[in-house]
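Dear colleague,

Please find below the structure that I am handing over to you. My notes on its contacts and surface follow.

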Amino acid sequence: MTVRAKPGPGVYKPNDDEGESRIEPYIGLEFDSAEAAQEFYTFYATQAGFRIRIGQLYRSRVDGSIISRRYVCSREGFQTPLRTGCPAFIRVQKGDSGKWVLANIKTEHNHDLDISGEIRPPQIIQRKSQPTPKQTSNVASRTGIRSLEDDGPSGAIDLKRIKRVELEHAPRGEPCKGLEFVSANEAYKFYHSYAASMGFRVRIGQLFRSKNDGSITSRRFVCSKEGHQHPSRVGCGAYMRIQRQDTGRWVVDRLSKEHNHELGSPEDTVQKSGKSFKEELSNGLENLDLLETNGGLSLVKRDRGSGIGNRWYNVLLEYFQTRQAEDTGFFYAIEVDNGRCMSIFWADGRSRFSCTQFGDVVVFDTSYRRSSYTVPFASFVGVNHHRQPVLLGCALISDESEASFTWVFQSWIRAMSGKRPVSIIADQDKPIQSSIAQVFPGTHHRFSPWQILSKEHENLGALRSMEEFKFEYETCISQSQTASEFDSAWSVLIANYNLKENTWLKEMYRMRKSWVPLYIRGTFFAGIPVDGTVKAYFGTLLTPQVQLDEFLARYEKAIEHNREEERKEDFNSFNLQTVLHTKDPLEEQCRRLYTITVFKVFQKELLESYSYVGIKINIEGAISRYLVQRCGNGDERNTVAFNASNINISCSCRMFEFEGVLCRHALKVFQIMNIREIPSRYILHRWTKNAKYGILRDADSAGGSQDFKALMVWSLREEAHSYIDAGAASVERYKLAFEILQEGRRNLCWQN
């Protein structure tokens, strides 16, 4: 727990008496100098069983002198394999009297302390600690995989330290819920021994980390035949999960002993386990393509394998053929690699038609990747005119290679007659980035916010729990208004917290246009919040763990639910009217055109505009610039440029570019200029009640002739489906509908 308080009484003076009792740090403790504070914390750490490092310092903005210092546990941060992101620290602050006062302290560590007495204080305070002895056969040094130096409560499983002799003499018994272990290693040895006695082998499954400090809180050990990534795997569900308790011990909280395959004899299992312990290590890190080569371990490229079970191909192919007979607009494709079925893509006629209206912004949802999954199901989701999620296609991803993602994106483009989105929200993994750049050149790729947050916790660790850093970091990211402001704030942040060598931050700065709000707000994203995404289209109906026999039923149920919700909003927008709050003709105009949901967004901006004032600050020909700010709040201000010759308007807040609705600042200038009608270019057709109809207002907006014909076919087909449903309700309606069709066809024949 971090404590803050005003300085209290108490002065620390160095004492060379070897026998003095241990002094605990506390808020308000005073020192003659920063060096004295460092000396105190060093000897306190020695007695407590840890080492310290000098953390960041803070300088005065007036004269540049040092006014505050931090001393941290040597395991703070993640820059080397030995560090665990430990949050323990003290911060001393220079008072007006010249004394240094202990202002902040955090005493909890996230690793074991060495109370054996082996830690000795350095002879010279400023001297660096001795380098860690180089480890032999260190996989981490070659693969970039972090290996912790202890197997305490951290939860790291160091397979090289669990020797085969240890496994053979590990405690035996039946696993059960509530069974306790001192460490994760001990739990692994126990389950490995149990598996050997039962006739199956064990792999290390996924782990779960704390959102606070990134430490491991839970681990799964699974049967080696779990999953479908290799022909030898059959999706076995046997596993044991352990959970870390507050006491530091690990407890079995979930367990499944049922296998879906025959078990071998204990002798065979032990013999296989004894082949090579490198093989065991390779199994534990298989997702990183770590293989045994020339007697050692290295990263090599494997042949592609499909993570989709064989039964899925047969069932889905039969479903696709049935749907195609019912829906002539149904599209599907199956990737084949070296004679093997790989990824699958499909989209029904309604999704393809929706793409012509709402395919400008796409969310590529691969949330299955966040946890264990039965099926690698991904979806393309857009935003309709009611700001609801709309399905634009689905896929099963065979493996997470660039080849798989590239094929899926190319299939989506073929299904949508070559239409490419203006923007796409997708994960930032390199294979996805490369595929988007290749297949969607010119499309603005924005990173998924959940992944950025996860990477922040992983790479910034304890820094995120520091209030000073958190405030400066979030201010830099979200408050910067110009590129120069962002660059300046970023440089200060990196310098203040000594983060120049942080590889992740370097990479994120290079890719800033894909995640920093400043660079995102200039592109149309249909108003999807910069720190969020659209509502999950399939919700809880279709999870990554769904079984094959339930998949299609749940898939269709989710689609019907969402399309019914869209029909309800269509009905409401055409038959209900929102109450007007002003007599402004702009409000009446937008109520007539926009859907109810989008009109409420506009109405809020209009009402807010009355709380702002606009001041003309510059005139250049027909262009006038206004400074628009909230009454009584000079901090919130934006610049609006207005061209009187063509009624063009733009605002520095970029709301129209990002969301497609005019902002309060632009509306204030319209009020000043007495504009009584919003120009049509500022009423996006995709947000109107008629977004699904009259989409083909002119041939020029539809691209090439082939694209134009596809748009006409899909538009007519969508309308015909509704017409057929209504006409087939009864014999009387059928006769009427048939007569209308015949009359319509005769009229078309005359339109030569």
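**Salt bridges and packing**

Arginine 350 and glutamate 566 join their side chains in a salt bridge, with 3.5 Å from N to O (a side-chain nitrogen of Lys or Arg within 4 Å of a carboxyl oxygen of Asp or Glu). The pair connects distant parts of the chain, 216 residues apart: arginine 350 lies in helix α8 (residues 349-358) and glutamate 566 in helix α16 (residues 548-575). Helices (H or I, at least four residues) and strands (E, at least two) are DSSP runs numbered from the N terminus. By the salt-bridge rule, the count comes to 26.

Please note that this is a predicted model, in which local features need pLDDT of at least 70 and side-chain atom pairs count only at pLDDT 80 or more, while totals for chains, interfaces and linings use all residues. Residues are numbered from 1 along each chain as its sequence is written, and side-chain values use heavy atoms, without hydrogens or water.

Helix α17 (residues 585-593) and helix α18 (residues 596-609) have axes that come within 9 Å and cross at roughly 170 degrees (lines fitted to C-alpha atoms over the stretch in contact, with angles from 0 to 180 degrees between N-to-C directions). The two helices, α17 and α18, are therefore roughly antiparallel (angles over 145 degrees). Leu586, Glu587, Cys590 and Arg591 of α17 meet Phe599, Phe602, Gln603 and Leu606 of α18, contact meaning heavy atoms within 4.5 Å.

Helix α11 (residues 449-460) and helix α14 (residues 503-510) pack at about 145 degrees, with their axes 10 Å apart. Among the residues in this contact are Ile452 of α11 and Trp504 of α14.

Isoleucine 617 is in strand β21 (residues 612-620).

Yours sincerely

Key. Parallel < 35°, antiparallel > 145°, perpendicular 65-115°, else oblique.
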